[in-house]
Amino acid sequence: MLNKRNRRIAKVVTYILLVVFSIYTMFPFVWMLICSFKPKTEIRTATPSFLIDAPTLENFQRVLFDAGFVNYIKNSLIVSVVACALSMIIAVMAGYALSRFYKLKVVKVSNLAMMLSQMIPGVLLLVPLYMIMRQLGILESYGSLILAYTTFVIPLCTFMMSSFFDTVPMALEEAAEIDGCNKAQTLFKVILPLSVPSLVSTGLYAFINAWNEFMYGYIFISTDEYRTLTPAIMLFKGANTIDWGALMAGSVVAVIPMTVIFLFLQRYFLAGLMAGSVKG
Amino acid sequence: MKSLRRLTRDQKKFRTALIMLAPALVFLAGMIAYPLATVIHDAFTYRHLINSSMTGFAGLENFKTVISDEHFFDAVQHTIIWTVFSVLGEYIMGMVTAVLLNQKFKGRAIFRTFIFIPWLVPIIVAGMTWEWILNPEFGIFNYMLTSFGIVDAPINFLGNSDYALATVIFVNIWRSFPYYTISFLSAMQSIPGDLSEAAAIDGAGMFRRFFSVTLPQLRSVSLVIVFIHVIWTAVNYDFIWVMTEGGPNYATETLPIMIYRYSMRTFNVGAASALSTMMFAVMAILFVFYYRKRTKISEDMA
């Protein structure tokens, strides 16, 4: 009897605590969304409210068209998609080698090199990377960002792929080989079709990483033409009086695509992410 | 005959492995190893981004420049406070939420999604939104505090040097703890349920079960995640730059902000590299401890 009552209390406590945590994590989103539809007079008030008297789209209008965010979104998309595709190709190849030839010395050394690279933070390499990009003549272009974003996700993406390949039985490949497939055919026709969930989570990780990155975009690009979304938000804030309504609208634009993709793919994504991070 | 064939097959394996690894290795060599070597080299060289007449071997001059910077020791202190309290807060929040979510109840998936979402937000957006919430003039948080009578006058959380560092730490915890939640949760789900059941039959209460059964099983994942986050937090540039740019009056200046200041504001590449090299040295020492501890844990487990 007592036990049952205790259990019920535990359940109620669990729900209460989770609701409190959810308010803490979700409140900024809700507030961002509300403010993005508020007209100026309701933004700059000392008595902010959760209700909007006169909802408006003018914040979105200002940030997307007047401040040129449409172009920044396009740039972010181009950079993220290319960096994502590139890192996936590289990670599939390296991950396969890490999984299948783990006994070879080259592979062991590469594995260690990736582990170490994962620990090396971008900000410490800021200056030399800036110099390299300058020498290559790609500072004010997509190329510099694509190179940087790809590099820094390679280790984790590779670990994510290799821990998946570990679960694909060797017998499957041997069967394909007996049927006359060469290594490349085996990879493309047998293994990759099985790996769709892992490919999704690896690609999503690379994409989110590129979409959200701030520092390199802020430093490598100084012209409006190639600017990406995150530095654009920072610069927009730097203007004389901060236009909070437009800033919140810009933030909504930056957050919504990620959130929607995540909601659809979260099961794959979280499983893949965990498999990779435990390995690294 | 047989041994010859074996050899060629091994060679073939080696060749395949190398081809598959090549693109990754090229990237890591060109974009991580080479820049890393450059940083260490530049630390001992006079080098300026604009003034190319500054050249030659500098010995320890660059290190002297950095250490004699009037803000250096404050920045070290801020970096330590920033790292320790961020990681501690994230760990506790992550553990509590993981324990809560590791039970069977209705709506679990929704709560998990709610709690994970901050991790998807770009740091710039997290910083900006919180800055707006905490704004002293128009922010909702100060409005609530004053209307409930908790404080008399609005607090300028980011503009006051007494609160700025704590505020940035708070926002960092908000953005980063979900990763701990998910890691702990997936580790907890791999703990065999009968362990906890056996402890329950032996009369262990909820807290006892957590500290004697669950927590020891999480040692390995805790070590990995804490170590990586200590490094990532100590060298994080984005959060602080986005919210305070190191201010007000250097109250939130950490070492990465100093690196940025040296390299992109005063263009003294030598000094920036010296500072980076010092941070690498500390990280390398931490890594040795981490590696030893990790080996020890996996031996204990085996």
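Two residues are in contact if their C-beta atoms, placed from the backbone, lie within 7 Å. By that rule, 69% of the contacts in chain B with a separation of 6 or more come from residues 24 or more positions apart. The model is predicted: local features need pLDDT of at least 70, side-chain atom pairs count only at pLDDT 80 or more, and totals for chains, interfaces and linings use all residues. Residues are numbered from 1 along each chain as its sequence is written, while chains are lettered from A and ligands numbered from 1 in the order in which they are written.

Start with chain B. It has 13 helices and 0 strands. Helices (H or I, at least four residues) and strands (E, at least two) are DSSP runs, numbered from the N terminus. The radius of gyration, taken over C-alpha atoms, is 25 Å. A compact globule of 302 residues would have a value near 19 Å, by the rule of 2.2 Å times the number of residues to the power 0.38. Along the principal axes, the C-alpha atoms of chain B fill a box of roughly 90 × 75 × 30 Å. Of its 302 residues, 40% count as buried (20 or more other C-beta atoms within 10 Å of the residue's own, C-beta atoms being placed from the backbone).

Now turn to the interface. Here 64 residues of chain B are in contact with 68 residues of chain A. Helix α1 (residues 2-43) of chain B gives the most to the chain B side, with 18 residues. That side divides into 50 nonpolar, 11 polar and 3 charged residues. Ala, Val, Leu, Ile, Met, Phe, Trp, Tyr, Cys and Pro count as nonpolar, Asp, Glu, Lys and Arg as charged, and the others, Gly among them, as polar.

Note on methods:
Buried ≥ 20, exposed ≤ 12 C-beta atoms within 10 Å, placed from the backbone.
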